[in-house]
Amino acid sequence: MNRPRALPLRRALRRATCLAAFAGGLAAAPAQADTLREALAAAYNTNPTLAGARANQRATDEEVPIQRGQGLPNLNVTATHIEFIRQSANAFTAPERNLGVNAQLQVPIYQGGRIRNSTRAAEERVEAGQADLRGAESALFSQTVAAYMDVLRTEALAGLAANQVEVLDVTMQATRDRFEIGDTTLTDVAQAESRLALAQGDLRNALANLVSARETYIELVGKAPGNLQAPPPLPNLPDNVGTAVVTALENNPDLIAARQRAEAAGFDTEVAGSGRLPTVALFANGDYSDFYGTLGGPIAANFVQRETTANAGVRVTIPLFQGGVPAARQRQAGARESAALEQVIQTERNVISQTRAAYASWQASLAVIESSKTAVEAAELSLEGVRAENSIGNRTILDVLNAEQELVSARSQLVTARRNAYVAGFTLLATMGKAEARDLNLDTGGPLYDPTLNYERVRGRIWDWDRDPEPEPESTRTVDIPAPEATFGPVLESGER
């Protein structure tokens with residue numbers, strides 16, 4: 001029987017084996033260990049999405065002094081210089097020029113409740129924004145946890161794929177050796193080579209997925225993943241779905257924000273209705289005029305060239321008819337209040353749905369972990385038996401290849417289930433409002449960001465020239481981080497869920 005000719009697949013096998021050995025060597029090299037807590041802290045301190053959300057909240061804080069300022073005294077000074085270019089022929093005393101200075105002071109006394117209600121609406125929106133900021137934290141942490149676990153998963157899957165290439169290489173070589181002595185057929189050799197080629201393709205895809213996972217990690221965390229450690233157990237997971245839903249309805253930041261916005265919309269309705277009510281204000285005016293000695297023409301000496309006047313009083317404005325505009329504005333605001341109330345119900349429904357779905361996914365993943373462990377143990381035993389039976393001729397090489405593939409599939413399912421269980425558990429905590437920086441003990445590296453500090457800083461400011469420093473970005477750039485390499489590590493061990 002003639003020996004089959006060498007296939008291009010052999011060269012591809014050698015290249016894939018070298019790649020796997022090189023990648024494994026890099027993975028085994030000493031590297032700084034990164035923990036999930038460190039990744040979350042880095043994202044918390046350097047992520048631009050979260051930094052932008054904080055800046056937007058600071059902008060929302062300013063709405064309170066803006067609304068409150070409309071009820072404070074207002075002082076203006078206006079200076080006007082006039083040159084009278086063409087005079088009337090009968091204006092014997094008309095001046096050639098004039099300087100006029102007018103000072104006005106207005107003190108609002110009663111604005112129909114507009115200032116009070118608009119300020120309260122702004123305060124409610126500040127609280128809603130603070131809840132939104134909590135939600136932005138939770139969303140970022142959920143994405144970071146998923147990215148962290150995806151790196152671990154894709155490293156493990158790449159390791160499995162590389163190991164499968166090595167195993168199939170050994171199987172193919174053994175099949176070729178047995179073919180040389182007439183113990184197998186050319187079909188067996190072709191089957192082994194086919195499986196090896198497929199395994200090489202799976203390895204390439206696994207390495208590409210690993211690069212993608214590491215890039216996502218860099219985008220969120222701001223640095224390249226090092227030697228990622230197994231994550232710690234998740235704390236405070238609920239015992240049942242009912243407890244999870246109750247906790248979510250009390251603490252979910254999105255639901256809290258929706259409720260606060262509905263309260264603000266109620267105050268907006270009151271503001272719109274205030275346009276029909278009287279307003280009361282105090283006023284004072286002072287005027288200074290200087291004609292530069294030009295008043296009176298030839299007899300200017302007989303006229304006073306400078307004069308100062310002042311007056312003060314109370315202004316009461318009573319709207320009688322405005323074409324139905326105030327009523328339309330109030331109806332409009334009422335409709336928006338209704339929409340805000342409906343949004344509360346919609347958000348509540350969404351929170352309940354997300355909580356139940358996350359709980360079910362978490363429980364399902366835990367069950368898959370247990371079944372996958374059993375499948376791995378059974379597949380290992382099956383492969384051992386099939387190989388032994390093949391050695392005495394009771395099993396074909398295809399049976400061995402199928403058993404090897406079943407073991408790889410079982411191990412891959414176990415790796416993915418562990419990742420899914422951890423991510424689903426963290427998502428459940430986030431939906432319950434229990435996955436923020438204060439819950440994750442990220443304050444050991446410094447104080448956590450407190451949005452109330454800025455609000456208290458600006459809410460009482462009334463000086464027109466009070467400015468903050470020039471805006472500068474707080475997040476870090478990733479342009480200098482080298483492109484991640486397609487290396488891989490060991491399979492996730494138990495305890496990562």
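**Entry 1: helix α2**

I call a residue buried when its relative accessible area is under 20%. With that in hand I opened this predicted model and went to helix α2, which spans residues 36-46. Which residues of α2 are buried? I found L36, A39, L40, A41, A42, A43, Y44 and T46. That makes eight of the 11 residues of the helix, so I noted α2 as mostly covered.

Y44 turned up again when I looked for charges over rings. The charged end of R54 sits over the ring of Y44, 4.6 Å from the ring centre.

**Entry 2: the whole chain**

I stepped back to get my bearings. The protein chain has 497 residues, and buried ones make up 39% of them. I listed its secondary structure as 11 helices and six strands.

I then looked up the accessible surface of the chain, which comes to about 27,400 Å². Carbon and sulfur atoms account for 54% of that surface.

How far apart in sequence are the residues that touch? I took contacts between residues at least 6 apart in sequence, and 86% of these join residues at least 24 apart.

**Entry 3: the open sheet**

Next I traced a sheet of four strands. In what order do the strands lie? I read the order as β2-β3-β5-β6, with antiparallel pairing, and the sheet is open. At its edges are β2 (74-83) and β6 (306-317), each of which pairs on one side only. Neighbouring strands are turned by 15° against each other on average, direction ignored.

I went through two of the pairings in detail.

- β2 and β3 run antiparallel and are joined by 10 bridges. Here I found V77 opposite A103 in β3.
- β3 (residues 97-110) and β5 (residues 279-290) are also antiparallel, paired over 11 bridges. N102 stands opposite D287 in β5, and Q106 has F283 of β5 as its bridge partner.

I reminded myself that side chains in a regular strand alternate between the two faces of the sheet.

What lies over the face of its ring? I found R315 there, at 4.5 Å from the ring centre.

**Entry 4: an aromatic pair**

I looked for aromatic pairs and the structure holds three. One of them is formed by Y148 and Y217, and I noted it as tilted. To describe such a pair, one gives the distance of the centres and the angle of the planes. For Y148 and Y217 these are 6.3 Å centre to centre and 45° between the planes.

Why does this pair tie together separate parts of the chain? Y148 belongs to helix α5 (residues 114-180) and Y217 to helix α6 (residues 186-221), so the pair links parts that are 69 residues apart in sequence.

Are the two tyrosines buried or exposed? Y148 is at 0% relative accessibility and so counts as buried. Y217, also at 0%, counts as buried too.

**Entry 5: S138 on α5**

I stayed with helix α5 for one more residue, S138. At 5% relative accessibility, S138 counts as buried. What does S138 touch, leaving aside its neighbours within four places in sequence? I found contacts with A430, A435 and E436.

Note on methods:
Residues numbered from 1 in each chain as written. Predicted model: local features only at pLDDT ≥ 70, side-chain atom pairs only at ≥ 80, totals over all residues. Heavy atoms only, no water. Phe/Tyr/Trp six-rings, centres within 6.5 Å; stacked < 30°, edge-to-face > 60°. Helix = DSSP H or I, 4+ residues; strand = E, 2+ residues; numbered from the N terminus. Buried < 20%, exposed > 50% of the residue type's maximum accessible area, 1.4 Å probe, protein only. Lys NZ or Arg CZ within 6 Å of the ring centre and 35° of its normal. Contact = heavy atoms within 4.5 Å. Pairing = 2+ DSSP bridges. Axes fitted to C-alpha atoms, helices over the stretch in contact; angles between N-to-C directions. Areas by Shrake-Rupley, 256 points an atom, 1.4 Å probe, with all protein chains shown as cover.
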